[in-house]
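Hello,

Here is the model we talked about passing on. My notes on its contents follow below it.

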Amino acid sequence: MASGMESPRSPLSDSKKKGEVWPVWKLVLIALPQLSVQVLWGFIGPHSAPYMQHLGAGAVLATLNNVAGPITGFFTGPIVGATSDSLTSKFGRRRPVILTGLVSLWIAGMLFAGAEHIFPLNQCGAMGPAAVLEGNGANATKATNAPRRLSEAEPDVVPCTALFFAAPMYWVMDVTINILQTPHRALVADLASPDQQVPMQVVFVFMMSIGNFLAFSIMQIYEKPVDHMIELMFGICLLNTVCVAIQFSVARERPLNKAGAPKQSFCSPVLNVAEAVKHSPCLLYQLAGVQCLVWIGNTAWNLYSAQWFTQAVFQGAEHAGKGTEEYNNYVEGNAAFSFGGQMKSVLQLISSLVIIAILLKTTIRPRLVYAPCIFIGTVVSLLAAFVVGHAGGFAQLCLILSIMPETGSFAIPFGLVATLNARAAREGKLVSTALQMALLNCCVVIGQQICTIILALIQSQMSLEKALPLVFMVAAVAQGFGGIGALFLNDAPPGEDSEEETEADAEEGTDADAENSGEAKTAPAQGE
């Protein structure tokens, strides 16, 4: 590895060489913060664009602001992973980073959610966001001096300053979430034994399913969650604090030896990322491509299915006056989306347990489990694009089944990387578990970025109601190719690879001995 990349042998493999095995229940508690992080993602994802519109942004701008997560995640994840791997704090490598992420989340999250409370609501003239970006693409209207009415409580006003503050703060908040979540998997991977690696990565999916269920349950507290962002964000930040406190009370880390740790320059994390890519196993490159394709489809469901329910399926409007048909349709669509999301979380939980059983109790290769999960997503995306229409129950069924590619994408690829790195650490090789997992997350955010940009481009030509079914078509195509790619993953157990390499080396050695023997026999004749 490049300068600054510390091997997990110090202290990871040292503890495993001594036979230290953590009880599974302790590892589960250490993984608990993934639940609270997922509550945050599960809530903020589908409500980020509606919240921007609530503050006065047009639909296209609200969608484009969602590129914050992919862009910040692409850079933040690997850098945080590299920094965490080489951190020499006396408190360990992972926990100081997690604490930094938690504190910064409180600050950025509350500022984002409280934007309209921090800044007074003021009238927007022709240059206000609602006036400039009113409408969607072909349906957009020219700027007028008549600001849009947001609610009966504040008639004829648009919080301009709040929008201009909240939009960049959303980017800052995404950075803090990535700082908080990146070390969680690596901390568990550090402490788990090789046999516990894949099951513990699936436990993360188990935690995420519970987190998703809680997130969708939170959405049912209020008819319009975007009107109560600061209260909901406070509760979510508090939940993250409790989960991290439990994690810290259980986890123990052995700090890296400062004397033996190489000095790092400011650019070391970036150089470490490049070095990790260069020396990563071939399987990581294969997984990277599949992850990117799969998450184009996952993003369509995770970020935009709420708007699909409320505006396309149920034909509601968030800004409609209370008591109107459009308002009631919006509330009904949000309720249907929330309930469908809860059932989606239940399926995620069940499917996680099934995947655990298959990986532990059978000899079925991971790729043969992953590919069918992806193809299910392909089918439901096609149904959402061409068949659902205004059928609310059918839309809920598609939403529920859409979780299968996500379940597979978090359980299987990360588990394979953790297993490969644990074996490499035992063999004395330099590895970076956190960094390689962060690189997989980079591929996730690339898929998110592609999906968001495609939807924004479509919205520039038509209304959001018509654009959303088209983005599901894109999701179906991407996941179709992703499923095919998963079938060709080189997921042969490392033991088999090692045996094949050993046999090949032995054959080469035999051939070499034979050649040397032949040369030895002919040498006297040449001498004569």
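**The cavity**

The structure holds one cavity of 30 Å³ or more. A cavity here is a set of points, on a 1 Å grid over the protein atoms alone, where a 1.4 Å probe fits but cannot get out. Points are joined across faces, edges and corners, and the volume is the space filled by probe spheres set on them. For the largest cavity that volume is about 690 Å³.

Before going further, the terms of reading: this is a predicted model, in which local features need pLDDT of at least 70 and side-chain atom pairs count only at pLDDT 80 or more, while totals for chains, interfaces and linings use all residues. Residues are numbered from 1 along each chain as its sequence is written, and side-chain values use heavy atoms, with hydrogens and water left out.

The lining of the largest cavity consists of 40 residues, and Gln38, Trp41, Trp295, Phe410 and Gln448 lie nearest its centre; a lining residue has an atom within 4 Å of a point. Two or more lining residues come from each of helix H3 (33–54), helix H5 (68–86), helix H9 (160–191), helix H10 (197–218), helix H13 (282–313), helix H14 (325–361), helix H17 (403–426) and helix H18 (433–459). Helices are DSSP runs (H or I, at least four residues), numbered from the N terminus. Sorted by class, the lining has 19 nonpolar, 17 polar and four charged residues. Nonpolar covers Ala, Val, Leu, Ile, Met, Phe, Trp, Tyr, Cys and Pro, charged covers Asp, Glu, Lys and Arg, and the others, Gly among them, are polar.

**Aromatic pairs**

A pair of aromatic rings is described by the distance of the centres and the angle of the planes. Rings of Phe, Tyr and Trp (its six-membered ring) pair if their centres lie within 6.5 Å; planes under 30 degrees apart are stacked, over 60 edge-to-face and the rest tilted. By this rule there are ten aromatic pairs. One of them joins Trp308 and Phe309, edge-to-face, with 5.4 Å from centre to centre and 85 degrees between the planes. Phe309 also pairs with Phe314: the centres are 6.4 Å apart and the planes at 20 degrees, so this pair is stacked.

Trp308 and Phe309 are buried, and Phe314 is buried as well. Buried means under 20% relative accessible area, exposed over 50%, and partly exposed in between (1.4 Å probe, protein chains only). Ring pairs link Phe216, Trp301, Trp308, Phe309, Phe314, Phe337 and Phe472 into a cluster.

Phe337, a member of that cluster, lies in helix H14. Its relative accessibility is 1%, so Phe337 counts as buried. Phe337 and Gln307 are 30 residues apart along the chain, and their C-alpha atoms are separated by 9.2 Å.

**Single residues**

Gln315 sits in the loop between H13 and H14. Although Gln315 is not a glycine, its phi is positive, at about 55 degrees. Most residues other than glycine have a negative phi. Gln315 is partly exposed, because its relative accessibility is 41%.

Thr182 belongs to helix H9 and is buried at 9% relative accessibility. A polar atom of the Thr182 side chain lies 2.6 Å from the backbone oxygen of Asn178.

No disulfides were found: the count is zero, where a disulfide is a pair of cysteine sulfur atoms within 2.5 Å. Among the cysteines, Cys243 is buried at 5% relative accessibility, and Cys398 is buried with a relative accessible area of 1%.

**Contacts across the sequence**

Three further residues were checked against partners elsewhere in the chain.

- Ile374, in helix H15 (366–386), is buried with a relative accessible area of 0%. Ile374 and Pro405 are 31 residues apart in sequence and 4.4 Å apart in space, C-alpha to C-alpha.
- Ser381, also found in helix H15, is buried with a relative accessible area of 0%. Arg365 and Leu489 are 124 residues apart along the chain, with 9.7 Å separating their C-alpha atoms.

Regards

Technical notes. On a 1 Å grid over the protein atoms alone, a cavity is a set of points where a 1.4 Å probe fits but cannot get out, and a pocket is an open set with protein on both sides within 12 Å along at least five of seven lines; lining residues have an atom within 4 Å of a point. A polar contact is a pair of N or O atoms within 3.5 Å; within protein, one must be able to donate a hydrogen and the other to accept it, and residues adjacent in sequence count only if both atoms are side-chain atoms.
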